[in-house]
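Please read them alongside the coordinates.

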Amino acid sequence: PNHRRVFGHPASIFFQRGIADMDTLQISSLCAEYCEGHSFVCSIFEVPNDGMMIMEDGGEGGSDNMIPSRAFLEREEEFEIVMVPYEETDDGNGGDDLKGEKKGILCRKSTDEAYIKLWGQERFQKHYKNYGVDTIWGWDENSGIKPCGPYLRHCVLAATKMGGVCLDSFLDETYLVDRKSTVREYLEKYPDVMDKLPPSHLAERYGG
């Protein structure tokens with residue numbers, strides 16, 4: 001609850017893998033941002049901790065005082081990693097029978113300042129500015145940044161496999177940078193996105 005799903009920031013990995021298109025601004029990845037009154041359906045994964053989260057005093061364990069490890073931050077470098085409440089459905093596909101509120105890890109919108117404070121100006125230069133990107137999180141609602149094509153296709157395929165309200169939520173409760181246009185509306189306008197296959201060496205990685 002109180003979070004919105006948005007294609008609103010570029011991901012360095014898209015440039016590193018050669019699937020970002022600066023000419024059309026199809027460079028955006030997906031994140032969640034705090035927004036009262038909004039919510040969305042998503043998949044929750046239960047995975048071994050394996051050092052992803054650590055206690056603030058350095059020990060591992062389950063606690064509200066856990067923070068992301070350095071290794072986990074490296075993997076999700078541009079995000080704010082937070083614990084947020086969620087409501088689990090009975091069938092895992094958006095059913096009405098809720099099991100109650102739990103907590104999970106969410107990759108949330110951050111700031112350029114936080115990125116540079118954590119990783120340094122040199123890394124910001126290497127991962128973004130060297131590709132012609134001057135900001136990660138400073139793209140406003142009129143910037144025109146669009147979803148990275150192969151990544152959006154990958155997300156739609158994955159949501160389609162889930163089907164039902166999970167798919168509908170992705171299409172209707174995921175927004176472009178203007179926070180008005182939905183993914184469904186974007187695909188209706190640009191249906192060719194689903195016809196453009198990723199490079200062969202990334203076919204499995206971006207295959208849904």
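1. Does Arg179 count as buried or exposed? Arg179 counts as buried, at 14% relative accessibility; buried means under 20% relative accessible area, exposed over 50%, and partly exposed in between, with a 1.4 Å probe and protein chains only. Arg179 is found in the loop between β8 (174–175) and α7 (183–189). Helices (H or I, at least four residues) and strands (E, at least two) are DSSP runs, numbered from the N terminus. The phi of Arg179 is positive, near 65°, in a residue other than glycine.

2. On provenance: this is a predicted model, in which local features need pLDDT of at least 70 and side-chain atom pairs count only at pLDDT 80 or more, while totals for chains, interfaces and linings use all residues. Residues are numbered from 1 along each chain as its sequence is written, and side-chain values use heavy atoms, with hydrogens and water left out.

3. Asn2 also calls for a look at its backbone: its phi is positive, about 60°, although Asn2 is not a glycine. Most residues other than glycine have a negative phi. Asn2 sits in the segment before β1 and counts as partly exposed, at 29% relative accessibility.

4. Arg4 belongs to strand β1 (residues 3–10). With a relative accessible area of 14%, Arg4 is buried. Its side chain is joined to that of Glu33 by a polar contact of 2.8 Å. A polar contact is a pair of N or O atoms within 3.5 Å; within protein, one must be able to donate a hydrogen and the other to accept it, and residues adjacent in sequence count only if both atoms are side-chain atoms. Leaving aside neighbours within four places in sequence, the residues in contact with Arg4 (heavy atoms within 4.5 Å) include Cys31, His38, Phe40, Tyr175 and Arg179.

5. Cys107 lies in strand β6 (residues 98–108) and is partly exposed, with a relative accessible area of 22%. Beyond its neighbours within four places in sequence, Cys107 is in contact with Cys31, Ala32, Glu76, Phe79, Glu80 and Ile81. Glu78 is 29 residues from Cys107 along the chain, and their C-alpha atoms are separated by 8.9 Å.

6. In helix α3 (residues 112–119), the buried residues are Asp112, Tyr115 and Trp119. They are on the same side of α3, because they cover an arc of only 60° around the axis; the arc is that of the directions from the helix axis to the C-beta atoms. An α-helix has 3.6 residues a turn, so residues three or four places apart point the same way. Glu113 and Lys117 are exposed on the other side of α3. The cover over the buried residues of α3 includes α2 (70–75) and α4 (121–127). Gly120 follows α3, with a positive phi near 95°.

7. Helix α6 (residues 164–172) has as its buried residues Cys166, Leu167, Ser169, Phe170 and Leu171. These pack against β1, β2 (26–34), α5 (149–162), β8 and α7.
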